[in-house]
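Me: I am new to this. Could you walk me through how to read a structure, one feature after another?

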Amino acid sequence: MLYIGSHLSVSNGFMAMAREAKAMGANTFAFFTRNPRGGKAKDVDMKDVKEFNEYIKENDFGKLVAHAPYTLNAASATEKTREFALMAMNEDLAKMELIPGNYYNFHPGSHVKQGVDLGVNLIADVLNKVLKKDMTTTVLLETMAGKGTEIGRNFEEIKSIIDKVELSDKVGVCLDTCHISDGGYDIIYNLDEVLEEFDKIIGLDKLKALHLNDSKNERGSHKDRHEKIGEGYLGIDTFKNIVNHPYLKTLPMILETPNDFSGYKEEIELLRTLEDK
């Protein structure tokens, strides 16, 4: 069974997200833990959470992939920004334990001309402060397109962070198809080779989730501009290969394409038709 969904809004609570996901044919989804531009997280309704946990179990949902705010930059040159990253991740991971066993994805950050090595150390330092032995949530580092001074533009940079994390079993990777193509990896014609490289450098067991996005730009552009499935440079055959790959097809697949409810519903249906029966 493929686990496919999209980004949904948590503004109306957890049950509202679950019902919306079900209505669009999704059996997983992503949501921002707070406003994507930062700020205070919304208080949680425990009755809503209890109903939600029961609902996703009864309806065979796969693992969910929560997303940290875009403003979270653990590698920032500004202390105040790093403090926000630490505070937000601590709060978010505590709340994630209310829906146990899922994923919390974040953009590693930008070193802002401090250099990759220092940026990596700063990110690992935050992770070492927020990860707990008894937590059930796995924190995912997202592969990035390499825009500006982004860290995570290649597998080596992701690996360098993981190597410095003490509780490395609590850390995994979310592979974004637009990002790694824009970053220079050829997943159109050489998907197997790219995954072999990932396995050699990081280990395929660390790959926990996918962001499925076509790209408005050619490979190696370092632009990070998402496109609807099959309408960008990656093309429909790339996604057919992904949904039929023996390892990738087992992972939660999250759409972040420029779409609304009906558009996501159509893309979910499309991706399911690509699966070999």
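Me: Which residues does H179 touch, not counting residues up to four places away in sequence?

Reply: Keep in mind that this is a predicted model. H179 touches E142, T143, M144, A145, D224 and H226, not counting residues up to four places away in sequence.

Me: Where is H179 found?

Reply: H179 is found in helix α6, residues 177-182.

Me: Is H179 buried or exposed?

Reply: Buried means under 20% relative accessible area. H179 has 2% relative accessibility, so H179 counts as buried.

Me: With which side chain does the side chain of H179 make a polar contact of 3.2 Å?

Reply: That partner is the side chain of E142. Another polar contact, of 2.9 Å, joins the side chains of H179 and D224.

Me: Where is D224 found?

Reply: D224 is found in the loop between β8 (214-215) and β9 (226-227). Its relative accessible area is 18%, so D224 is buried. Among the residues D224 touches are A145, K147 and D182.

Me: Which residues does UniProt list for "binding site"?

Reply: A record can be read alongside the model. The UniProt entry, which is unreviewed, lists H179, D224 and H226 for "binding site". They span 48 residues in sequence, yet no two of their C-alpha atoms are more than 8.6 Å apart, so they gather at one spot. Of these residues, D224 is included in the lining of the second largest pocket.

Me: Let us turn to strands. How many bridges join strand β6 to β7?

Reply: Look for the partners, then the direction. Four bridges join β6 (residues 171-176) to β7, and the two run parallel. For L175, the bridge partner in β7 is L210. β7 also pairs with strand β10 (residues 252-255), in the parallel sense, over three bridges. Here H211 has I254 of β10 as its bridge partner.

Me: Why is strand β7 largely enclosed by the rest of the structure?

Reply: Count the buried residues. In β7 (residues 207-212), five of the six residues are buried, so the strand is largely enclosed by the rest of the structure. As a general idea, in a regular strand the side chains alternate between the two faces of the sheet.

Me: How many disulfides does a search of the whole structure find?

Reply: The sulfur atoms must lie within 2.5 Å. The search of the whole structure finds zero disulfides. C174 is in no disulfide, and the nearest cysteine sulfur, that of C178, is 12 Å away. C178 is in no disulfide either.

Me: Are C174 and C178 buried or exposed?

Reply: C174 counts as buried, at 0% relative accessibility. C178 counts as buried too, at 0% relative accessibility.

Conventions: Residues numbered from 1 in each chain as written. Predicted model: local features only at pLDDT ≥ 70, side-chain atom pairs only at ≥ 80, totals over all residues. Heavy atoms only, no water. Buried < 20%, exposed > 50% of the residue type's maximum accessible area, 1.4 Å probe, protein only. Pairing = 2+ DSSP bridges. UniProt positions renumbered as here; feature names shortened; annotations may be inferred. 1 Å grid on protein atoms, 1.4 Å probe; cavity = no way out; pocket = protein on both sides within 12 Å on 5 of 7 lines; lining within 4 Å. Contact = heavy atoms within 4.5 Å. Polar contact = N/O pair within 3.5 Å; in protein donor to acceptor, adjacent residues only side chain to side chain.
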